[in-house]
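I opened my notebook to keep track of what I look up in this one. My plan is to go from the whole pair of chains down to single residues.

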Protein chains: 2
Amino acid sequence: MTAPAPGAGDTRFSRVAEVTPVGAGRFEAELDPAWTIAGKPNGGYLLAMLGRSAGRSSRHGDVAAASAHYLSSPDPGPVLIETEVLREGRSASQVRARLSQEGRPRVEALLTVTDLDDSAVPYWDAGLPTRSQVAYGDCDRLVPHLPNGMAVAIMEHVEVRLEPGSNGFTRGEATGRGELRGWLNLPGGEPFDPSSLLFAVDAFPPATFDIEFAGWVPTLELTVYVRARPSPGPVRVLQRARLIDGQRVDEACFIWDSKGRLVAQGTQLAGIRLG
Amino acid sequence: MTAPAPGAGDTRFSRVAEVTPVGAGRFEAELDPAWTIAGKPNGGYLLAMLGRSAGRSSRHGDVAAASAHYLSSPDPGPVLIETEVLREGRSASQVRARLSQEGRPRVEALLTVTDLDDSAVPYWDAGLPTRSQVAYGDCDRLVPHLPNGMAVAIMEHVEVRLEPGSNGFTRGEATGRGELRGWLNLPGGEPFDPSSLLFAVDAFPPATFDIEFAGWVPTLELTVYVRARPSPGPVRVLQRARLIDGQRVDEACFIWDSKGRLVAQGTQLAGIRLG
């Protein structure tokens, strides 16, 4: 009887997003086939790896702002991440990061890294948009395939739970509001940290599924602001679309931790074939 | 009698944002002292120059998505812009762009450039947030100084008109909603285009002025999505803050053209000294 290879079947975020330094500003990583949609790695997962690499390249460890442009989707397997510190400041630094596979750049990102002030408290909150109010246990877990049968491997590992009012699309009953609300939990209930929040803002299905099912909605650009270190536990998620025009859609995503603090915000522009 | 130097006193956007190619992926430009706040060039103005340079470096001419991280504020005067095409695609390309002054990088950006499809029509619109409804002529033009007397040279040239319900901060009567609504017009009524829209999303005062006056609110990161080529005329602007936490604030900005189409959206993270 053979012992399982170390890490085999272990789909915890801390492991699948691991980056290994192999020189100054160079990291090797392995894109896990478990963290894919229709065989392609999730865009937020890729950004989280760039965030981890940026944090290890600078004197500051926490990503405060990250912006990624997606050039061409990599496949599961080995990738190289290269970072360049553009400016090392007292309270924040800026880092460029690139993820390549087979010598081709796949994701290019800019990151502002800082040290989050854990004594800070929110000073002012617009209180909008209204956050999800349905409890975790009252939301149904999303099944790991799309309405067209396409496999979403990542949903077997990541727990996406949608509010009853948000999951109509799974029965062909989209509301037309372009809004999904619910909860997100990492494999094994692993607590979120600033780098896994970079994944969290891209973890939900496209909010356009609540308008009309459109197949693959590839992310073109993703920007994330991390506002605070989250408390342990699943996070509440609100993802909504604002405009579909010229075969592109923008989506905004808000993440609250288990104590109700807004800890991350994302905005993305994605391609969509509708109209 | 001497003729005025060409361009002297000419603060039109098409002139102040001019970039001159000086080699492959290299452009020279001059930051105009007229386009400054307290002596520092506006962040959207800098991004617009990077956008123009990116459009000229690729086979695609229109910026669809731009993300900038601000390293250190340049002064009015000469700057160098360098671009690198990361991927040249059929329908879109990705470009890196850097603005340097005195050999130091000041702004680093990533841009996805495309050719906007002028036959496209909006397919779906969330209809939110409610856009400004007060007519251009019924909005007061903002005066070129802050409540603390700080000079805002750019306001002498760019026309920012605020709705009566949004300009309370100029009289020390902020509403606390963190929202500014109104209109924007370029010097000489010059029509907006995709590159000047990169400026438009950063043209309004910080929405935090409608909460509490905080002096300088420096942009750390700015992301803009250009959704369509705007119709001529002034644009409607909605700028709002969402969360002030850890001495940072995020603001979202929406731009509608004179025909009421949502043509650009911006999101920024800025530093703020409150709380």
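Here are my entries, in the order I made them.

**Ground rules.** I'm looking at a predicted model, where local features need pLDDT of at least 70, side-chain atom pairs count only at pLDDT 80 or more, and totals for chains, interfaces and linings use all residues. Residues are numbered from 1 along each chain as its sequence is written, chains are lettered from A and ligands numbered from 1 in the order in which they are written, and side-chain values use heavy atoms, with hydrogens and water left out.

**The interface.** I counted contacts next (heavy atoms within 4.5 Å). 55 residues of chain A touch 55 residues of chain B. Chain A and chain B bury about 4800 Å² between them, with 57% of it on carbon and sulfur atoms. Buried area here is the accessible area (1.4 Å probe) that two parts lose on being put together, summed over both.

Then I checked charges. A salt bridge needs a side-chain nitrogen of Lys or Arg within 4 Å of a carboxyl oxygen of Asp or Glu. The rule finds six of them across the interface of chain A and chain B. One that I noted joins Arg98(A) to Glu84(B), at 3.6 Å from N to O. On the chain A side that touches chain B, strand S8 (residues 104-114) gives the largest share, seven residues. Strands are DSSP runs of E, at least two residues long, numbered from the N terminus.

**A strand pair across the chains.** Strands pair if DSSP finds at least two bridges between them. S14 (residues 235-245) of chain A and S9 (residues 124-125) of chain B do so, antiparallel, over two bridges. Ile244(A) has Trp124(B) as its bridge partner there.

**Zooming in on Arg261(B).** Where does Arg261(B) lie? I found it in the loop between strands S15 (248-256) and S16 (262-271) of chain B. Leaving aside neighbours within four places in sequence, its contacts include Asp245(A), Pro122(B) and Trp256(B). I also looked for polar contacts: N or O atoms within 3.5 Å, one able to donate a hydrogen and the other to accept it, with residues adjacent in sequence counted only if both atoms are side-chain atoms. The side chains of Arg261(B) and Asp245(A) make one at 2.9 Å. The backbone oxygen of Ala120(B) is 3.1 Å from a polar atom of the Arg261(B) side chain.

**Strands inside chain B.** S6 (residues 77-88) pairs antiparallel with S2 (residues 26-31) over six bridges, and Ala29(B) is partnered with Val79(B). Eight bridges join S6(B) to S7 (residues 92-101), also antiparallel. Ile81(B) stands opposite Leu99(B). S6(B) and S7(B) form a hairpin with three residues between them.

**Last check.** I searched the whole structure and got 39 salt bridges over all chains. One of these links Asp118(A) and Arg229(A), at 3.1 Å from N to O. Asp118(A) sits in the loop between S8 and S9 of chain A and Arg229(A) in the loop between S13 and S14, so the pair ties together parts 111 residues apart in sequence.

Technical notes
Helix = DSSP H or I, 4+ residues; strand = E, 2+ residues; numbered from the N terminus.
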